[in-house]
Amino acid sequence: MRTVKKVKVGNYILDGKKIYVQSMLNKRSDDIEGNVIQAEELEKAGCDIVRVAVPDMEAVKLIPAIKEKINIPLVADIHFDYRLALAAADAGVDKIRINPGNIGDMDRVKQVAVTCANKNIPIRIGVNSGSLEKHILERYQAPVPEALVESALYHVKLLERFDFENIVISIKSSNVKTMIESYRLAALKCGYPMHLGVTEAGTERMGIIKSAAGIGSLLCDGIGETIRVSLTGNPVSEVYAAKDILKAVGRGSGVEIISCPTCGRTRIDLVKAAHTIEEAVKGIDKNIKVAVMGCFVNGPGEAKEADIGIAGGDKCAVLFKKGEILRKIPEENIVPELLKEIELL
């Protein structure tokens with residue numbers, strides 16, 4: 001198990017014991033109301049940490065406006081201008097995402113490090129394939145894992161020079177294999193918490209596939225304290241996808257649905273039932289496993305580890321609990337009966 005330096009973000013402790021889901025607001029930075037509403041939607045969907053772009057001084061106003069309406073930590077995403085980092089810190093942000101090597105001379109780095117240290121604000125260093133320093137890219141000729149990790153550690157050392165170690169690292173790539181290898185290498189070289197993500201992953205279908213492969217692999221390795229599924233679209237979808245990835249690797253919470261792919265033995269509309277049940281339990285905060293199976297072959301026996309479930313018959317289904325059959329249900333009552341049993345658990 002990887003030993004992680006503890007970093008506090010708001011009320012959360014990043015130490016590897018729990019994985020936190022993060023997403024980013026995508027409203028225009030001058031749309032304060034829109035950003036506030038979206039931040040509230042993300043929190044309601046189960047997002048643990050919200051990030052917002054702060055491209056100019058006017059956008060700093062987003063920080064108090066958003067923090068007034070949400071109860072989860074807020075991260076300011078800043079590039080190049082150290083003054084924005086200082087202003088975000090003064091505005092009460094919970095974490096800053098900035099690369100110290102991109103903000104100018106050592107005096108500017110020192111100002112950001114000292115200010116964040118005094119206010120106990122962590123800094124996330126975010127490296128990706130398009131942000132490599134020229135001298136590093138020239139040496140490696142491509143954004144290979146070794147180059148990305150060297151860049152991340154270069155930025156880390158700039159902060160450590162001023163005794164600042166309240167650091168989180170992300171090393172993202174749109175190439176899943178590069179992303180995985182980069183984080184594995186970084187995990188061997190330092191003990192700072194890692195924020196995982198496949199950058200520019202794409203639209204919902206392919207973006208979720210890439211993120212599941214990349215983030216899921218690293219979580220199974222014991223690497224990663226926060227995660228973001230980057231999707232081109234509504235960030236609420238990112239939250240649901242991230243929570244599903246956590247469930248898939250045994251690190252999540254909430255209802256987990258297992259359902260069979262159906263075959264010629266299926267005599268009920270299992271596809272419709274599975275989708276309806278999955279949507280209905282999305283907001284239920286119970287750590288249970290629900291099975292939706294097409295027939296007795298894949299029913300109580302194969303899904304006996306499920307807390308509750310159904311197995312289809314001919315225009316009917318049997319309801320089972322921990323592998324034990326409770327009763328038979330006509331097809332039209334399968335969903336409401338199963339949901340009723342879930343409520344009782």
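Residues are numbered from 1 along each chain as its sequence is written, and side-chain values use heavy atoms, with hydrogens and water left out. As the model is predicted, local features need pLDDT of at least 70 and side-chain atom pairs count only at pLDDT 80 or more, while totals for chains, interfaces and linings use all residues.

Helices (H or I, at least four residues) and strands (E, at least two) are DSSP runs numbered from the N terminus. Two strands are taken to pair if DSSP finds at least two bridges between them. At the β9 end, 2 bridges join β9 to the parallel strand β10 (residues 226-227), and L196 stands opposite I227 in β10.

R124 has V168 of β8 as its bridge partner. Burial is judged by relative accessible area (buried under 20%, exposed over 50%, partly exposed in between; 1.4 Å probe, protein chains only). Because 6 of the 6 residues of β8 are buried, this strand is largely enclosed by the rest of the structure. In a regular strand the side chains alternate between the two faces of the sheet. Both faces of β8 are covered, with I167, I169 and I171 buried on one side and V168, S170 and K172 buried on the other.

V50 belongs to strand β4 (residues 49-53). The residue is buried, with a relative accessible area of 0%. Apart from neighbours within four places in sequence, V50 is in contact (heavy atoms within 4.5 Å) with S23, L25, L42, I72, P73, L74 and V75. The C-alpha atoms of V50 and K95 are separated by 9.9 Å, and the two residues are 45 residues apart along the chain.

A further open sheet is formed by 5 strands in the order β11-β12-β13-β14-β15, with mixed pairing. β11 and β15 (324-330) stand at the edges with a single partner strand each, so one side of each has no neighbour in the sheet. From one strand to the next the twist averages 20°. β11 and β12 run parallel and are joined by 4 bridges, and E256 has K289 in β12 as its bridge partner. Helix α10 packs on this sheet, touching β11, β12 and β13, and its direction makes about 160° with that of β12.

Within α10 (residues 270-280), L270, A273, A274 and I277 are buried. These residues lie on the same side of α10 because they cover an arc of only 95° around the axis, where the arc is that of the directions from the helix axis to the C-beta atoms. K272, H275 and E279 are exposed on the other side of α10. The buried residues of α10 pack against β11 (256-259), β12 (289-293), β13 (308-312) and α11 (334-344).

Helix α11 lies across β12, β13, β14 (316-321) and β15, and runs at about 160° to β13. Its buried residues are I334, V335, E337, L338, E341 and I342. They cover an arc of only 170° around the axis, which puts them on the same side of α11. E343 and L344 are exposed on the other side of α11. The cover over the buried residues of α11 includes α10, β12, β13, β14 and β15.

Aromatic pairs were identified from rings of Phe, Tyr and Trp (its six-membered ring) with centres within 6.5 Å; planes under 30 degrees apart count as stacked, over 60 as edge-to-face and the rest as tilted. By this rule there is 1 aromatic pair. The ring centres of Y12 and Y20 are 4.4 Å apart and the planes are at 20°, so the pair is stacked. Y12 and Y20 are both buried.

A charge is counted as sitting over a ring if NZ of Lys or CZ of Arg is within 6 Å of the ring centre and within 35 degrees of the ring normal. The charged end of K5 sits over the ring of Y192, 4.3 Å from its centre. K282 lies over the face of Y240, at 4.4 Å from the ring centre.

How values were computed. Axes are lines fitted to C-alpha atoms, for helices over the stretch in contact, and angles run from 0 to 180 degrees between N-to-C directions.
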